[in-house]
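Dear colleague,

Please find below the structure that I am handing over to you, with its sequence.

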Amino acid sequence: MRTQSASRFTIFFIAVLAAVAVLWLAGIFLSQNHQDPSPLAKPSFGLEDKDILLYMEAIAKIRENASFLKADTSREQVVEESIRDYLTQKDPYSDFLTREEYRKFKQSQDDSYVGIGMEIKKTQDGRILCVPYPGGPAAEAGISVGDELKKIDGISVYGKSVFAVASMARGKPGTELNLVISTKSGIDKEVRVRRSAVTIDSVSTYQVGKTRVIRIVSFTRDTKEKLRRILRTWETDKPIIIDLRGNAGGDLHAAIDAAMLLLQKGKRIVSIETRKQPKNYESNVGTANLGSPLYLWQDEATASAAEVFIAALTENDRAVLIGKTTFGKGKVQDIIEWSDGSARVLTTGRLETPHGVSYDGRGLAPTYAVSGDTTMYLTKVEELAGLKSTGRSKSR
C-alpha cells in the first residue's frame with residue numbers, strides 16, 4: 001500500500017506531466033504558425049521533453065519503490081545525490097555542492113575564517129591528503145603534511161571533492177572535530193581538533209641565519225600585492241628564495257598574477273586546454289623584479305596553482321627549481337552556481353606549461369633534487385649562487 005507521502009508525490013508528478021504536455025502542445029502550435037521559430041520555442045538547455053520526463057519518472061519510481069531509501073527522503077535529496085554520483089563517477093575532481101556546503105566553501109576563501117587550519121588535496125584514486133598550515137589547529141593536533149584524512153566525525157571522506165570535505169570542517173569556533181588520519185607509515189589514528197579563527201598570511205618572510213626567505217602558503221586574492229610589497233624592499237644583490245613547500249595551490253588567477261611580477265612582458269605563463277579552444281595567459285604589466293637570481297623550493301605537497309607559478313618561472317628561464325617532484329594537479333575546476341544557491345564543480349580544462357607539457361598525475365621535476373630540511377635546501381642555494389665563498393650571488 002502506498003503511503004500518504006507517496007500519494008502526494010504522485011499527484012505532484014501528474015501535475016508536472018500535465019504542465020509539460022501543455023508546453024509541448026504550445027511548442028507544436030508555435031512551430032506550425034511560424035516559418036522561422038524563435039529560439040525560445042526550442043527545448044531548454046538542449047534537452048528534449050522525453051529526457052525530462054524520463055528523469056522525472058525515474059525519480060518518482062525510485063522514491064516510491066526503492067527499499068534502500070528512508071520514508072522521509074525528499075525529491076531534492078534524490079536529485080542532488082544523482083547529480084553528485086554522476087559527476088564523481090565521470091571525474092574524481094567534479095562534484096555537487098549543496099547550498100550549505102557552497103556557503104561554507106565561499107567563507108573559507110577569505111584570509112580569516114573558522115576552521116582547523118589545513119589545506120586538503122585529492123589524489124586520482126579518491127584519497128584526501130592533509131596539508132596543515134604551520135602553527136594551525138591541525139598541525140598542533142599532530143597532523144602532518146601527507147597524512148591521509150579518512151573520516152570526519154565518523155563520516156568517510158573517500159571519493160568526496162575537496163570542496164565538500166572543506167565544508168565539513170567548517171563550524172562554530174570552539175567546537176571539536178573527530179578525525180581519523182592515516183600516517184605515511186600506514187598507521188591509523190584518531191585526532192581531535194578544535195575549530196578556531198584561522199588567519200592565513202598567504203605571503204610572509206622568515207630568516208634562516210642571515211638569509212631571508214619568502215614563503216607562499218597558498219595563492220589568494222591578495223597574494224600578488226603582498227608579494228609586490230616584499231619584492232620592492234628586496235636588496236638587488238641578494239637572491240630571491242621563494243618557499244612553496246606544502247603549497248596546495250589556491251586561486252589559479254592569483255598564481256598567474258604573481259608570476260607576472262617576475263617575468264618579462266609577453267612571456268607565456270600557462271595554457272588551459274578546453275573543449276572549445278585553448279586559453280593562453282601571458283605576462284603583461286606589473287613586473288616587480290627581473291634582475292635578482294630566483295630560486296624556488298618545492299616538495300611532493302606542492303600542487304595546482306603553485307605548480308602553474310613554478311612552471312611559468314622555470315620554463316621561461318627565470319628561476320631555478322630545488323626540492324622534490326611536485327604533486328601533479330594539472331586540471332582546472334570551475335564552480336558553477338545554480339539558481340537555488342547550490343553549485344556544481346566541473347573539470348573544464350587541462351593545464352599545460354609554457355612549453356606545452358601536461359603534468360597532471362606526474363608532477364614537475366626539480367632542476368636540483370633535494371631531500372631533507374630547510375638547511376639542506378638553503379645549502380643547495382648557497383652552492384649554486386656561490387654565497388659560501390663570496391657572500392654575494394653570482395650574476396646570471
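To begin with one point: are W297 and Y377 buried or exposed? Both W297 and Y377 are buried. Please bear in mind throughout that this is a predicted model.

Aromatic pairs

Two aromatic pairs are present in the structure. One of them is formed by F219 and F309, a tilted pair with 5.3 Å from centre to centre and 45° between the planes. F219 belongs to the loop between β11 (211-216) and α7 (223-232), while F309 belongs to helix α9 (residues 305-315), so this pair ties together parts that are 90 residues apart in sequence. F219 is buried, at a relative accessible area of 2%, and F309 is buried as well, at 0%.

W297 and Y377 also form a pair: their ring centres are 5.4 Å apart and the planes stand at 50°, so this pair is tilted. Why does the pair of W297 and Y377 tie together parts that are 80 residues apart in sequence? The reason is that W297 lies in strand β15 (residues 294-298), whereas Y377 lies in helix α10 (residues 374-385).

Charges over rings

Elsewhere, K329 lies over the face of Y93, with 4.8 Å to the ring centre.

Strand β15, which holds W297, is part of an open sheet of six strands in the order β10-β11-β12-β15-β16-β19, and the pairing is mixed. The edges are taken by β10 (203-208) and β19 (368-369); each has a single partner strand, so one side of each is left without a neighbour in the sheet. The partner of β19 is strand β16 (residues 320-323), and the two pair in the parallel sense over two bridges. Within this part of the sheet, I322 stands opposite Y368 in β19.

Helix α9 packs on it, touching β12 (240-243), β15 and β16, and the direction of α9 makes about 145° with that of β15. Helix α10 lies across β10, β11, β12, β15, β16 and β19, running at about 155° to β15.

Strands β4 to β7

A further set of strands is linked through β5. Strand β4 (residues 128-132) and strand β5 (residues 148-152) run antiparallel and are joined by two bridges; here I128 has L149 in β5 as its bridge partner. L149 in turn has I181 in β7 as a bridge partner, and β5 pairs with strand β7 (residues 176-182) in the antiparallel sense over four bridges. Strand β6 (residues 155-156) is antiparallel to β5 and is joined to it by two bridges, with I152 opposite I155 in β6. The hairpin of β5 and β6 has two residues between the strands, and D153 takes a positive phi near 50° there.

Helices α2 and α3

Packed helices are described by the angle and the distance between their axes. The axes of helix α2 (residues 49-65) and helix α3 (residues 75-90) come within 10 Å and cross at roughly 115°. The crossing of α2 and α3 is right-handed. On the α2 side, Y55, I59 and R63 meet R75, V78, V79, S82 and I83 in α3.

Yours sincerely

Terms used:
Residues numbered from 1 in each chain as written. Predicted model: local features only at pLDDT ≥ 70, side-chain atom pairs only at ≥ 80, totals over all residues. Heavy atoms only, no water. Phe/Tyr/Trp six-rings, centres within 6.5 Å; stacked < 30°, edge-to-face > 60°. Buried < 20%, exposed > 50% of the residue type's maximum accessible area, 1.4 Å probe, protein only. Lys NZ or Arg CZ within 6 Å of the ring centre and 35° of its normal. Pairing = 2+ DSSP bridges. Contact = heavy atoms within 4.5 Å. Axes fitted to C-alpha atoms, helices over the stretch in contact; angles between N-to-C directions. Left-handed = near helix turned anticlockwise from the far one by under 90°.
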